[in-house]
Amino acid sequence: MVLGLIISFTSFVISFYTCKLIIDAAEHDPDFSDTLQKYYGPVAYYIGLFAPGMLIVGAVSVYFVIMTQVSYPIFLAIASWCSGTDYVEDMTPSPKKFSPFYTAIVLFFVCFMITSMKDLKIFMKIGSFGSFIIMAIMAFIVVVGIYSLTNTSYTTEWFGTPNNDWTTDDRTIALFSINFAPIAGVLCAGYFIHTCALPIIRSAAEPEKNIRNVFLGYFLVFISYAVVGSMGYIGFIGIKFEHYFVNSPPQANEIDQNCLNMFEYQ
């Protein structure tokens with residue numbers, strides 16, 4: 001847990017510093033690709049256009065996978081509640097049964113129809129509530145963490161992977177674990193707003209406070225990652241989720257990437 005906080009803080013410092021360098025170098029340029037062209041020529045200009053586009057494609061792909069993973073248990077729970085049938089959850093994509101395979105197809109056509117619409121004002125208005133949704137998710141994870149602190153006994157160890165007995169209410173928290181690779185890429189993507197920083201600060205009401213505001217933005221992202229990561233780690237290994245760990249194979253005794261999969265929907 002401590003190692004995750006250190007990695008997140010390091011990402012915050014590096015991302016803010018590099019974003020500040022872009023702002024300082026761009027001066028009055030509307031886009032950083034224009035700055036690259038000014039200093040390095042047309043090749044750098046096209047690289048400046050192409051590289052962020054590739055990153056966005058990767059981010060969109062990741063978000064689509066996340067939407068699929070989140071939607072599948074929701075659809076499964078709704079089907080179970082409506083039919084009274086206890087469906088077996090299986091996150092392995094398969095065309096032979098209802099699985100994330102079909103959820104991805106449904107989401108693809110939904111996203112295609114939405115992006116094909118000419119008037120997207122309604123979705124822009126919905127998107128304006130994104131900050132409230134994020135706060136709600138953070139509050140939910142914090143509540144889960146606090147709830148687990150009330151009914152689960154925690155101890156800490158500095159290094160290694162804890163060997164918890166999931167049938168008891170005792171849990172061990174690893175402060176430093178080598179299993180940090182899955183969060184590394186997410187952290188980098190979460191802190192990356194370099195490509196849209198210039199258009200945002202160009203419309204600032206008080207441009208003299210741009211650097212301070214950018215710092216506060218990055219710092220709040222770090223705080224959100226720290227709170228969600230710490231309380232999520234504590235909360236989702238609590239006694240409430242005993243059924244998930246007991247019924248999971250030994251190699252899967254980790255918090256699920258989609259926390260909805262850890263709840264019982266019966």
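This is a predicted model: local features need pLDDT of at least 70, side-chain atom pairs count only at pLDDT 80 or more; totals for chains, interfaces and linings use all residues.

**The strand pair and its setting**

Guide: From the N terminus on, the elements of the protein chain follow the order α-α-α-α-α-α-β-β-α-α-α-α, so called because helices (H or I, at least four residues) and strands (E, at least two) are DSSP runs numbered from the N terminus. Residues are numbered from 1 along each chain as its sequence is written, and side-chain values use heavy atoms, with hydrogens and water left out.

Strand β1 covers residues 153–159 and runs parallel to β2, with 6 bridges joining them; two strands are said to pair if DSSP finds at least two bridges between them. One of the residues to look for is T156, whose bridge partner in β2 is I173. Strand β2 itself spans residues 170–176 and is mostly covered, since 5 of its 7 residues are buried, where buried means under 20% relative accessible area, exposed over 50%, and partly exposed in between, with a 1.4 Å probe and protein chains only. As a general point, the side chains of a regular strand alternate between the two faces of the sheet.

For the setting, buried residues make up 27% of the 266 residues in the protein chain. The accessible surface of the chain comes to about 17100 Å², and 72% of that belongs to carbon and sulfur atoms, the areas being computed by the Shrake-Rupley method with a 1.4 Å probe. Along the principal axes, the C-alpha atoms fill a box of roughly 65 × 45 × 35 Å. Of the contacts (heavy atoms within 4.5 Å) between residues at least 6 apart in sequence, 60% join residues at least 24 apart.

The UniProt record, an unreviewed entry, annotates as "transmembrane region" several stretches, among them residues 129–149, 173–193 and 214–239; such annotations may be inferred rather than shown by experiment.
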